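Thanks, everyone; please have the sequence and the model open while I talk.

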Amino acid sequence: MTPLNSLNFSGGPGVLPSSVLQQVQEAIIAVPGVGLSVLGISHRSDWFAAVVAEAETNIRTLLGLSENYHVLLLQGGATQQFSMVPMTLLAGKTQPAEYLHTGYWSGKALPEAAREGPIHVAWSGEASGFSRLPSDDELTFSADAPYLHYVSNETVEGLQFHRVLGHDAVPRVCDMSSDFLSKPCEAERFSLIYAHAQKNIGPAGVTVVLIRDELLNDAPTNLPGFLDYRKHIQTHSNYNTPPVFAIYVTLLVTRWLLNDIGGMAHMDQINRQKAALLYRLLDQSDDFYRGRAAVQDRSLMNVAFNLRTPALEKQFLSESLAAGFSGLSGHRAVGGLRASIYNALTLEAVGKLLNFMEDFQNRQLR
Ligand SMILES: *Cc1c(COP(=O)(O)O)cnc(C)c1O
């Protein structure tokens, strides 16, 4: 029987590579070479300093990131970044920061930013039910905003930008929580990238922040220490007790990306293959499976779709669950169905889902 982990299509926390889970299982009892459980190793140990240093190096290598970026491993999830970013870059400013409202998660960032300073929503997809992203013709960016904020992959709606947005004169800030390390991302065109681990690169509890050094030049000096990026830089992501376990698992995933997958270009190739198979099935289903996102904005990570009726969707969910597929229900905010096909979800698992979906459709038509 296929282990259930391989058929985990959850939107998040997402599937992790089986080889990583096996190493984690061992490390829970004793980390090889250390002889202590990963859950009980001091965050002040040399071992943990080496874990942080290697995780940082691996992320730099995977993205080709230069030394003028800091790589931070923080807590508080992406949600804390919704506040930490404007507290650092917007407080006291008179020019509004530009935000795109392209779906559920970018919508969550807006009120948090507005609490700290002026914002301007440069485009909203609300009128179109967040079924598409803006084209370049619909976007005009100011050249003197403190920064531009957007979400690269709207996890709930299954929408993904396939280009970098904005004005080169304005710092780009991007929430890449659900497509970080899924492909090359031109990281150096961004001034700040944040991504929690639990969609694509680890368990919940750690959030990766890449931040350009000069972005912090005028940051307020009266921030609470925990919310001040500089404190985390000075302490090498060890300001208070960090989530040692989550950081260790994330390190194992970065090793897997480097050594087993062979880097971002190859990861991208695999992810594109998986997404193409699923979208082709939707497109060839005579409208039985209805893709939620506009074709040009389809996410390679989250394939959101509907069936003709909510009752049929319910039946699909219960039958898919019985067949061993987990996590196929849509986000509670939008309903419907969603197959999340993060890095560790294998081509083989996608093949099994395709077979199930074809079979399900055939049985309805009989
Ligand atoms: C899941 C998700 C979030 C929320 O992250 P938390 O770590 O739960 O705060 C934010 N942004 C995006 C794009 C997400 O997919």
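Let me begin with a term: a polar contact is a pair of N or O atoms within 3.5 Å, where, within protein, one must be able to donate a hydrogen and the other to accept it, and residues adjacent in sequence count only if both atoms are side-chain atoms. This is a predicted model, in which local features need pLDDT of at least 70 and side-chain atom pairs count only at pLDDT 80 or more, while totals for chains, interfaces and linings use all residues. Residues are numbered from 1 along each chain as its sequence is written, and side-chain values use heavy atoms, with hydrogens and water left out.

With that in place, look at Arg230, whose side chain has a polar atom 2.4 Å from the backbone oxygen of Pro220 and also reaches the backbone oxygen of Ala219 at 3.3 Å. Arg230 lies in helix α5, residues 229–234, where helices (H or I, at least four residues) and strands (E, at least two) are DSSP runs numbered from the N terminus. Leaving aside neighbours within four places in sequence, Arg230 is in contact, meaning heavy atoms within 4.5 Å, with Leu216, Ala219, Pro220, Thr221 and Leu223. The C-alpha atoms of Arg230 and His70 are separated by 9.8 Å, although the two residues are 160 apart along the chain.

Now the ligand: which residues are closest to it? Of the 14 residues that surround the ligand, the closest are Thr79, Thr155, Asp175, His196 and Lys199, a residue being counted if one of its heavy atoms lies within 4 Å. Helix α3, residues 77–89, supplies the largest share of this shell, four residues. By class, the shell holds four nonpolar, eight polar and two charged residues, with Ala, Val, Leu, Ile, Met, Phe, Trp, Tyr, Cys and Pro taken as nonpolar, Asp, Glu, Lys and Arg as charged, and the others, Gly among them, as polar.

As for individual atoms, an oxygen atom of the ligand is 2.6 Å from an N or O atom in the side chain of His196, a polar side-chain atom of Lys199 lies 2.6 Å from a ligand oxygen, and a backbone N or O atom of Ala78 lies 3.1 Å from an oxygen atom of the ligand. Taken alone the ligand exposes 390 Å², of which the protein buries 88%, by the Shrake-Rupley method with a 1.4 Å probe.

Finally, two backbone details. A cis peptide bond, with omega about -10°, joins Gly12 and Pro13, and Pro13 is found in the segment before α1 (18–29). Glu186, a residue other than glycine, has a positive phi near 50°, and its place is in the loop between β7 (172–175) and β8 (192–196).
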